[in-house]
Every structure is written in C-alpha cells, then in structure tokens.
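Subject: Structure for you to look at

Hello,

Here is the structure I said I would pass on. My notes on it follow below.

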Amino acid sequence: MSPRVVPEQLPADLFGKRDRDRAVRVFDALATARIRWAALVNRRDLRPKVDDRRLALVVTERRVEAHDQDVVSLRLEAPDGHALPAWRPGAHLDLELPSGRLRQYSLCGDPADTRAYRVAVRRIPDGGGGSVEVHDALPVGTPIVVRGPRNAFPFAVPGYGSPAVHLHFIAGGIGITPILPMARLAMRLGLDWSMVYVGRSRETIPFLDEIETFGDRVTVRTDDEHGLPDAAALLPGVTTGTAVYCCGPVPMTDTVADAVRRMRGVELHSERFSPPPIVNGQPFEIQLASTGEVLQVPADESALAALLKSRPDQPYSCRQGFCRTCKVRVLVGEPDHRDTVLTEDERADGEMLACVSRCDGGRLVLDL
C-alpha cells in the first residue's frame, strides 16, 4: 500500500495577509491621484505627434524629366550641405512656395542620399497654381522652406512588416514619384517584384531612363499604343501573397481597388492624386465669422472647394484628410468628421479638416 500523503497546510492567503498596511494604502491613493492629475494636465502631450519641422533648403538642380517638357524635378539641399532628416519610400514634403501656397510632393530620390531631397512636379495649367509656380518661379539657387518629410503611403517590405512574398507596383504618369524609391529598395534587397507603368504616351511619362534600368520587371503601357488599361492589364499575374502598391489618377486607382477586392490574399496600398469622392453628402452652408458671408456647399462638393471660391488664398495641400493644412475651427454647428488624423480632444475643441469633413445639413460658422 502506498504511504498516505498528507497535504501541506496552506495559509489562508497565499500572499500573506489580505489587508495592506494603512500607510501603504494612503501612499497608493496619493500616487494614483498624482498619475491621473499628470495625465489630465499633459493630455495634449499624449496626442499623436505631427512632424511640423521646417527646413530651409535651396534648389541646387533642375531637370526636365519628360519629353513633353511638362515634368520638372528639383534637387533640394541644405545651404551648408549638412545631412537632411532621413525618410523612407512613400514619404512626401510640403513645399512653402514663394506665393505662400503650401503644396505636397512625393520624394522620388534615393533615401540613401542624405544630402538632398528630390521631388518632381507636372505642370497643370488649369490647376490650383502650385505646379505652375514650381515650374516658373523656382530656378536653381532659390531658397525654399519645406516641412517634413512625412509618410502617408508607407512601404512595408516583405519579411519586415508585410506577409507578402511578391510586390507589384502600378504607377500612372507622375504617380511614379513615390513608386520609384520603393522599386529601387526592392531591387536593392533582391525581392520578387514587378511593375506596370502607364501614361498617355511615352512623351508624357517621366523618368523613362531610370525605369529602363529595372529591365523586364517593368511593363510600360501607353494609351496611344495600347488603349486604356483594364484591371487585367494593370494586375498581370497578381495572385495570393502579393502586395500591390498603386499611385496615379483616380480612374486607375479605382479600377485597381475594385479588382483587388475580389482577389483573395492580396494586399492593396494606394495613393491618389485627387480628393476621394464624397459619399452620402448633403448640401449645407458655411458662414465666415469675420464677415458674416454665407457660402453654399453642394452635396457633391467639399467645404474647402466652397471656401476657395471666396478665399483663393485659403491654405490646403493633400485634400485627402491627413496633412492638416486646411484645418479650421468651428464656432457654431456640428461637423461630420471624415478625416482619420484629428484626435478626440481636437474635435472637441471645434477643429475640422475642410477638405473632407462637412455637415449633415444646416450651417457651420467658421472662425475665418
């Protein structure tokens, strides 16, 4: 017969007495109160940080990058030649143009070049004026202030943040700018990747000389030779395990997005040129507090677009709800927030991004 095992006598509380010493209870209460007070006082310091650093640079080189002469690249360096803040593929700069306009352009150089940034801009004569100013008012030697770099189109390298085993890049015209650094990095790392580059004609698409160095990984399609590309032409061979990076005109990005939604196991990362379409918008009014002027905002138009008709100098940049340049304060009314960057405290303080947020009918009085 096995010997009888007598269980060890356990104390009533494995951790000793249940009631803590009174002095300890008082100390804990004071410490907890201190932590809560500090969080309340410093709550703004806990908000996500926005990189608003301003760098004074100078234009050191200008190059025409397309045969039609409508795309120019600028090389920007520090006046004393010191190293610039690091950046990753997909990042952009905000340029403070001589007129006071603030415009956003993707970095299209090499992140390994720590002495310079490169941006490229297509001239759009009937646009908001920024592209024309870059072409006409920024010769070599011009000082310029930039903000950033910031990244709203991050590149996740397979094995380092992405489960994908293949990368597929799609660029439309000047949309090649954020894609170029991604392709260079993929090439440098020996990754499995491909690209489709589309445009109106070979005369209009920039950086063809650099694209040719990638060899047969890249397919160049132009509308005048091949017609408008459909999803099959933009996504050849894309299957499960592919990460798609797409930048270009809205019709192209919409075509890609619609197709990828039906593909199992395919990631989509995209950046678009134009504001997103307004979904379920209602007409409303905005009133400028300083003058009393009332502006009508149609159901298919943004508050920013209505503001620009009355105030062409109203600052803006991305028009997609992430750069904060068009932020305004609402004095009266309830905005329908459609951005992804403002904190709850900022919204409670009346802040609104005029490029995407609006109102469900009625009127907003703005601190303008």
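Leaving aside its neighbours within four places in sequence, which residues is Pro178 in contact with? They are Gly90, Ser106, Leu107, Phe153, Cys247 and Glu271, where contact means heavy atoms within 4.5 Å.

Before the rest, the basis of these notes. This is a predicted model, in which local features need pLDDT of at least 70, side-chain atom pairs count only at pLDDT 80 or more, and totals for chains, interfaces and linings use all residues. Residues are numbered from 1 along each chain as its sequence is written, and side-chain values use heavy atoms, with hydrogens and water left out.

Pro178 sits in helix H3 (residues 176-188); helices (H or I, at least four residues) and strands (E, at least two) are DSSP runs, numbered from the N terminus. Pro178 is buried, its relative accessible area being 0%. Buried here means under 20% relative accessible area, exposed over 50%, and partly exposed in between (1.4 Å probe, protein chains only). Pro154 is 24 residues away from Pro178 along the chain, and their C-alpha atoms are separated by 9.7 Å.

Next, the sheet. It is open and antiparallel, with 6 strands in the order E4-E3-E6-E1-E2-E5; two strands pair if DSSP finds at least two bridges between them. Strand E4 (102-106) and strand E5 (117-122) stand at the edges with a single partner strand each, so one side of each has no neighbour in the sheet. From one strand to the next, the twist averages 40 degrees. Axes are lines fitted to C-alpha atoms, for helices over the stretch in contact, and angles run from 0 to 180 degrees between N-to-C directions. E1 and E6 run antiparallel and are joined by 5 bridges, and Leu57 stands opposite Ile144 in E6. Helix H2 (residues 130-137) lies across E1, E2, E4 and E5, and runs at about 115 degrees to E5.

Last, some backbone details. Most residues other than glycine have a negative phi, and most peptide bonds are trans. Gly148 and Pro149 are joined by a cis peptide bond, with omega about 0 degrees, and Pro149 belongs to strand E6 (residues 143-151). Gln69, in the loop between strand E1 (54-64) and strand E2 (71-77), has a positive phi near 70 degrees. Phe207 also is not a glycine and has a positive phi, of about 65 degrees. Phe207 lies in the loop between strand E10 (193-199) and helix H4 (208-212), and is buried with a relative accessible area of 0%.

Regards
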